[in-house]
Amino acid sequence: MNSIPLTAPRCVLEANNLSIILGGKKVLEISSLQVRTNEVLVIIGPNGSGKTTLLLSLALLLKPASGTISYQGHSINNAAEILALRRRLAVVFQEPLLLNTTVWNNITLGLRVRKISGEEIKARTEKWLERFGIASLAQRQSKTLSGGEAKRVSLARAFALQPEVLFLDEPFNGLDSPTRQALMEDFGNVLRETNVTTVMVTHDRNEALMMAHRVMVLMNGRIRQDGTPSQVFSYPIDEEVAGFVEAGNIMHGSITSQTEGLALVDIGGQQLEAVSELAAGTNVTMFLHDDDITLSIPQSEIKHSSARNQYIGKVVKAFPIGSQIRVTVDCGISLVALITRRSWEEMGLKQGQTLIASFKASSIHLIPRR
Amino acid sequence: MMQIALLSLLVSGSATLLSLLIGIPLGSTLGLTRFPGRRIVVSLVNTGMGAPPVVVGLIVSIFLWRNGPLGILHLMYSPGAMIIAQVIIAFPVVAGFTLAAVQQLDPKLRLQITALGVSKVQMVWQMLLEARLPLLAAVMAGFGAVISEVGASMMVGGNITGQTRVMTTAIVGEDSKGNFSLAIALSVILLALVYLVTLALTMIQQRNKIR
């Protein structure tokens, strides 16, 4: 066993000066990327940004034109090393990609080629079928499964391998909303239990918010930002990244009470009302889209409004993005609102000005915090 | 007549088996790998699928003649010679069907199988398993090609009664002698034989198709 350095989290996978050329075009250029032990790294980016290409090359399924990939400090060179290492990894693709045989045979194939004992194969397969709620499907032919069931099989197949690093390429794409929700929940629980080092690629920022310890934004084949979810989503590094992550307000808090689907959320001492079924006492991450906030000048008295949340605050920052302006308002909590340049001018706003920020309880998105 | 039918089955059955042993590895290699000159080989296989049996018979004859390069084997006018000729007819058919079967598999599936940590040989095996139903079509086509061919069997077998006479050569022989009723009877038996073998393979192929 290597000793774990105390200064930095141990790094299981490292890529340096990686470049990938497809069809004569350089699609990926990564100067340095590290995956730390036991973290969930989510790589987000728009379509065509090179996410899948990056995932495939990290999972040793695509040979880079140049650059090095090393696992636990050893760089990978020849075919035998690649095969040996692939057997320590698992990859889940966007489509379930099951073999035309039974669910059981699909899950055991990877275990069989690893020369794992029959007893162990049986135990692991049963465990993971059970864990993903598909034990009753064990003897079914893969072709007869629904999309959601097939996805569960492909996830169970990956976890049964007990990989050192788990790679996922848009695993929740193409499922209908209830199926997707249920699967994300189960998957999130399994991730927490196993603590497996995970690299997931997605274009869905909610997935990143729910799962990630660390988020990387990939655009045009380059890593543009790397940080915690709240760093990336609250403080996008530039306009382009902001445009993609649709920067909003992300805050942590806890639910103080909940009646009839309306929850009172405590965020840094401020009480907010949000539409949510989550129980009182739940620690949550609150997500509020920046263009869901309306700013208004306080008149003699506040008019009645259907917006459940109204706060008086002061403009502390204004930052133009195209035809719009991102206004940061301090109301005890710091809120970022996106308004048009014209509104800014017509309202005669300026720094330090007092105004009211209002937003509906249904605009707030609450996610239980890991 | 029974003996003729049995010899037909024996010769064409073994020729089909041997052509599977050559055709499946060849077809899967062509379908799953990329190497310089691959397209040339594929075009040769496709040509072989349509090679006229008489031409194959002629070439095999030239090799097996007593003073030919392989004359020393004394195979001319034997069932062995007929098997050789039929293998040459059938293996490109099997290779062509195998190539088509593995190429129609989702390339992403191959990536997934690779990602599961299989070796190259295991990968090819898994792909063939995945293509097992279309591969049965290769068996049927290969068998169909040889059980029904007459030109090559006639040329390298010689239609010798009790030794190399098979269904097709017997039909030609009886027909030329004017024994139409016997020719028709043989034809019915041949058709029934082809049908039974194909039926058995089709049953296997379609077994899992009903959901």
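Helix 1 of chain B and helix 7 of chain B are oblique to each other, a word used for angles that are not under 35 degrees (roughly parallel), over 145 (roughly antiparallel) or 65 to 115 (roughly perpendicular). The model is a predicted one, in which local features need pLDDT of at least 70 and side-chain atom pairs count only at pLDDT 80 or more, while totals for chains, interfaces and linings use all residues. Residues are numbered from 1 along each chain as its sequence is written, with chains lettered from A and ligands numbered from 1 in the order in which they are written.

In chain B, helix 1 (residues 2–32) packs against helix 7 (residues 132–147) at about 135°, the axes lying 9 Å apart; helices are DSSP runs of H or I with at least four residues, and strands are runs of E with at least two. Axes are lines fitted to C-alpha atoms, for helices over the stretch in contact, and angles run from 0 to 180 degrees between N-to-C directions. Among the residues that meet here are B:S8, B:A15 and B:G23 of helix 1 and B:A138, B:G142 and B:I147 of helix 7, contact requiring C-beta atoms, placed from the backbone, within 7 Å.

Chain A holds an open sheet of four strands in the order 2-1-4-5, with antiparallel pairing, where a pair needs at least two DSSP bridges. Its edges are strand 2 (25–36) and strand 5 (74–75), each pairing on one side only. Strand 1 (residues 11–22) of chain A is joined to strand 4 (residues 66–71) of chain A by five bridges, and A:N16 has A:T68 in strand 4 as its bridge partner.

Definitions and conventions. Contact = placed C-beta atoms within 7 Å.
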